[in-house]
Amino acid sequence: MSDEVHVNGQENPKEFHDTIPLSGMYENWFLDYASYVILERAVPAIEDGFKPVQRRIMHSMKEMDDGRFNKVANIIGTTMQYHPHGDASIGDAIVNLGQKDLLIDTQGNWGDVRTGDSAAAARYIEARLSKFALDVVFNAQTTDWQLSYDGRKKEPVTLPVKFPLLLAQGVEGIAVGLSTKILPHNFNELIKASIDVLKGKKPKIYPDFSTGGTIDVTDYNQGERGGKVKIRARIEVLDKKEVIIRDIPYGTTTSSVIDSIIKANDKGKIKIKKVIDNTAKDVEIVVSLAPGVSPDVTIDALYAFTDCEVSISPNACVIVDEKPMFLSVGDILKINTNQTVDLLKRELEIKKAELLEKILFSSLEKIFIENRIYRDIEECETWESVIETIDKGLEPYKSQFYREITHDDIVRLTEIKIKRISKFDSFKADELMRKLEEELKEVEHHLANLIEYAIAYFEGLLNKYGKDKERKTEIKTFDSITATAVVANNQKLYVNRNDGFIGYGLRKDEYVCECSDIDDIIVIRKDGKCMVSRISEKIFMGKDIMHVGVWQKNDERMVYNVIYVDGASGRSMVKRFSVLGITRDKEYDLTKGHKASKVLYVSANPNGEAEVVTVKLTSGCSARIKVFDFDFSSIEIKGRGAGGNILTKYPIRRIDLKTEGVSTLSGMDIWYDSSVGRLNKEARGALVGNFDGEDKILVLYKDGQYELTTYDLANRYEADKIEIVTKLSDDLVITAIHQEGKTKNYFVKRFVIETNTVGKKSPFISDSPGSKLIAVSIHPNPDVQVDIIKGKAKEKETLITPAADIIDIKGWKAIGNRLSQYQVRKALLLEPKDENHRTAKPEVEEEKEEVVQQKETESKQEDVPKPRQESSKKDDDKGYDVGTTLELF
């Protein structure tokens, strides 16, 4: 057959092509599209930290820069010459850059990232490059250029940024098949970290947000995939009725936080009356609590159920050599720092080349004029002879230059004006060359010591731009909040014991207690089976329910007292046990497993109480004593699967409660974790004591106040303001050294706590303005060490004496005894390791000098016994532990 086809009677070559499967087209086109989005839209380049649209905005603003503000609408128009997309995406990108307050100076309403308010229209707001951007981002000589999308203009491939800008600003982008999320870091910390990198160290950097708040970076993993950070709002207790949110987490707004609070309240997770947004210059959201609701529990609930706590998973993906790569923030910092060194080197090399050229031409000019070579060309008739004559005149000096003299150099000499030749000053020319040579030596020194030069560069940035860029987000370790422990009771639990149903929808049946919709419910049935299930509107747990209640995981204080009949032997068994861990909806047998076993008596005791019951046997049994009492405290608490002890081998007719029980458990050991300011039972931090009943905790603050609190694990403490947390006891003696504000004299006092009011702060030092606590101790009799300066000779002495020898125990309002009549340089409270270290007080000679007349108020203070004098050896040699102190010089 012919390979040609006839169209309209004419022969044409064959134009049909091989068929391409649709799947192949989709695969190729999809990959092209995905690559385009990754490289040109969503993911920043490692070199400058910009996405293409951001880079084009910066380049356009540099072209327009004249020091004055430009309308953002004009900037958008200029950027569209380089960016092949709509004006909306450019405008959003400009606003995003402007709100970060680093590269762009803004004017007008640019919105607020805290409230979520958007910026005004582009025609109403203005922008210009910041001084920092002009110093750090641009240098045409070190920039690689490419043609714009339409070939009309040149744009930078990447900008020569000499700073870890990507980590300072952070970035977020979603591409096809991958995403990137790099959190912003602190400006000053990045500079210091870059300096550490140059010094060979491996610094660790952590996120910092303009919205403030607190952050837990335990699982940050240096920004790599799989890591996460928790960010919390800063919440303060105003009083028992209100809490105030001062800062909000990164990525949220005041509106979204308020909406989440209202939603949590509507679901019954928290109980509040109202929320008021008073945000103006600073964030202030006032949350009014419902009556009877604890502020501390509410704060925990806000963190557990609202946007007051958010978790962010960073994912540091950047473009490296035209490919997306996942790196850690440490890797990015190192790459950016090394790139800065390379750029500084290129700038120095360019400057060196420029200086060499200036020195070369200045030398040529001087030779050309001083040796009157310009006169030799007066008789030349052609241009070639002019060049040749000048070249011949320079021949004796060519060996002095660092390169060969070119045709262009000679041409430049011919362009020197007669006016310059006539006014040429040899002295000034020598001075200019000397300055150029000094500059050249300095540049060569910097090149030879490039790392030191780079460190100086970063230090210059820190000094010039680091002011007012302190960390805003406080790094903390968060305590874990159990949702079931802080959720408000938003449901009521009901039970139908005979039919075996429980739930909050059985409103016509027996009411049990209040609960939340996320609680677990435990049931003990008559057949000896125990089961735990998540509460719902209605759930079947098995017929003949004897006990139902809210179950808390790992609650060691909850003890169940049970009497059951063993189906195999017919004996009645008694047992006490706790249910610490279970699998939901699984039945556990509390008896020995026989199907005929049944429970006769059960009680749940939240603090390990052991009651006394009266056991009545059947009248037909052969037992001589048919009624007797049994005290549950006579048996030990064991595991859920224990068989128990034999109560009686005779059949039981009835069991009645005789007396309510008291707790048989020892007190609860409580620890204080200063890193999070919370109490716990998991041995984290320092042991506070063993607590039971009405015991209280004493908190001593750095500002000279004390407060009594309960030992509720929901309590929150301001760790940075606290000196000591301990258990309050009747024999607890507190020793304090304080400086009185008016007289500036130092006083020591010993006192016991006389008040019992919980939650009220009381000052135990002078209330005069300027008064401050110097040292405090709860040792029964600590040693007081005082460094004093005596007499006109300024003789320094160290005096040490037991506090009990200085002052007796007095009321907590007493000011105490004056520490010394001399100038006090430093005061400490020392806890003796061994009482044997204390020696008898030596005799101290009186100083023969005039005593300054004291004020009338001072004369009323009690006399202080003479302390013993010690040598100025180290405290370790005497066996002392140095207590809390504040040195004054």
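Colleague: What covers the buried residues of helix 8?

Modeller: This is a predicted model. In it, the cover over the buried residues of helix 8 includes strand 13 (242–247), strand 14 (272–277), strand 15 (285–289) and helix 9 (295–305).

Colleague: Which residues of helix 8 are buried?

Modeller: Buried means under 20% relative accessible area. In helix 8 that applies to T254, V257, I258, S260, I261 and A264. Viewed down the helix axis, the buried residues fall within an arc of 160°, so they line one face of helix 8. K263 and D266, on the other side, are exposed.

Colleague: How far apart are the end C-alpha atoms of helix 8, and what span should its 13 residues have?

Modeller: Helix 8 covers residues 254–266, and at 1.5 Å a residue it should span 18 Å. Its end C-alpha atoms are 18 Å apart, which agrees. Just after the helix, G268 has a positive phi of about 85°.

Colleague: Now the sheet. In what order do the three strands of the open sheet stand?

Modeller: Strands of a sheet pair through backbone hydrogen bonds, either parallel or antiparallel. Here the order is 3-5-4, and the pairing is antiparallel. Strand 3 (70–71) and strand 4 (104–107) are at the edges with a single partner strand each, so one side of each has no neighbour in the sheet.

Colleague: How many bridges join strand 3 to strand 5?

Modeller: Two bridges join strand 3 to strand 5 (residues 126–129). N70 stands opposite A127 in strand 5.

Colleague: Which helix packs on this sheet?

Modeller: Helix 2 (residues 52–64) does, touching strand 3, strand 4 and strand 5. The direction of helix 2 makes about 85° with that of strand 5.

How values were computed. Residues numbered from 1 in each chain as written. Predicted model: local features only at pLDDT ≥ 70, side-chain atom pairs only at ≥ 80, totals over all residues. Heavy atoms only, no water. Helix = DSSP H or I, 4+ residues; strand = E, 2+ residues; numbered from the N terminus. Expected span 1.5 Å × (residues − 1). Buried < 20%, exposed > 50% of the residue type's maximum accessible area, 1.4 Å probe, protein only. Arc of directions from axis to C-beta. Contact = heavy atoms within 4.5 Å. Pairing = 2+ DSSP bridges. Axes fitted to C-alpha atoms, helices over the stretch in contact; angles between N-to-C directions.
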